[in-house]
Amino acid sequence: MTIVESIKTAIRQLAASGDNASLEAEILLAHALGTTRTHLRTWPQRKIAADIIPRFNDFIQRRATGEPIAYITGTREFWSLELQVTPDVLIPRAETELLVECALARLPTGRTARVADLGTGSGALALAIASERPQCHVVATEVSAAALAVAQANARRLRIANIEFRLGAWYAPLGDARFDLIVSNPPYIAQHDPHLQQGDLRFEPRDALTAGADEFGALKILIGEASAHLLPGAWLLVEHGYDQGAAVAELLRAQCARDIFAVKDLSGRARVCGGRY
């Protein structure tokens, strides 16, 4: 089969999975061939080697059952960094780049600072910040050893050296250290939210999505214990659910945080909150 014929066949198989069947077929064929989508479009009549077809068909079948593209290809771009992702970590999402933007705005270039990313997962937040602020030292914590291994592998592959990784939950691995900035994208989805049974969320690690019976459980820990790990006047920034902005701001006020702010995502809903301690 030629490239264009294979793509057309795959589109028919993926048609029921959503509106992006053409894009997904191209991504998966490019991955199977070890090439780019540009190559596919440049050489649409080129024949595909027979040994590639079973691999491509396997990718298409996996996607047709709902498995996320990122887990099939093993990569996802975040902040222009190509990150390795596995089912041990959340798939980095575009809205989390808001948290990177907020962090960088509070970390002036040309000076040193200590930054902590709690619950780092694939390392997306920590690596984005470390890559943009090479004079900063970033500490990334993660309770899952498997997830931490993914983050460490990403740092090595991207050759980002101003970062260290520590195993443990939230603040525990930090000891008595204090930081100029702490960021986190914690689990914040309600335990019985129907969205957990839809789309990519069905395949992602449940503990990284929901904190259990109390959807604010992780956020309460992050906000409640921040003062013991922040330098005077330092910032805590967190991502939260689309409908949790007011509640998170109230949690920050209860801890006497000041200069509390919220940033909206592209849908116009608060997605990141922060405050100075």
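1. Let's start with a term: a crossover is right-handed if, with the strands pointing away from the viewer, the path from the first strand over the helix to the second runs clockwise. In this predicted model, strand E3, helix H7 (residues 124-132) and strand E4 make a right-handed β-α-β unit.

2. Now look at E3 itself. Of the 5 residues in this strand (residues 114-118), 4 are buried, so E3 is largely enclosed by the rest of the structure. E3 pairs in the parallel sense with E4 (residues 137-142) over 5 bridges, and here Val-115 stands opposite Val-138. E3 also pairs with strand E6 (residues 179-184), again in the parallel sense, over 4 bridges; Ala-116 stands opposite Ile-182 there.

3. Next, step back to the whole sheet. It is open, with 7 strands in the order E5-E4-E3-E6-E7-E9-E8, and its pairing is mixed. Strands E5 (163-167) and E8 (258-264) are the edges, each pairing on one side only. On average, neighbouring strands are turned by 15° against each other, direction ignored.

4. For an antiparallel pair, find E8 and E9 (residues 270-276), which are joined over 5 bridges. Lys-264 has Ala-270 in E9 as its bridge partner. Helix H10 (residues 245-254) packs on the sheet, touching E7 (230-239), E8 and E9, and its direction makes about 10° with that of E9.

5. Finally, a residue worth a look: Arg-133, in the loop between H7 and E4.

Terms used. Residues numbered from 1 in each chain as written. Predicted model: local features only at pLDDT ≥ 70, side-chain atom pairs only at ≥ 80, totals over all residues. Heavy atoms only, no water. Buried < 20%, exposed > 50% of the residue type's maximum accessible area, 1.4 Å probe, protein only. Helix = DSSP H or I, 4+ residues; strand = E, 2+ residues; numbered from the N terminus. Pairing = 2+ DSSP bridges. Axes fitted to C-alpha atoms, helices over the stretch in contact; angles between N-to-C directions. Contact = heavy atoms within 4.5 Å.
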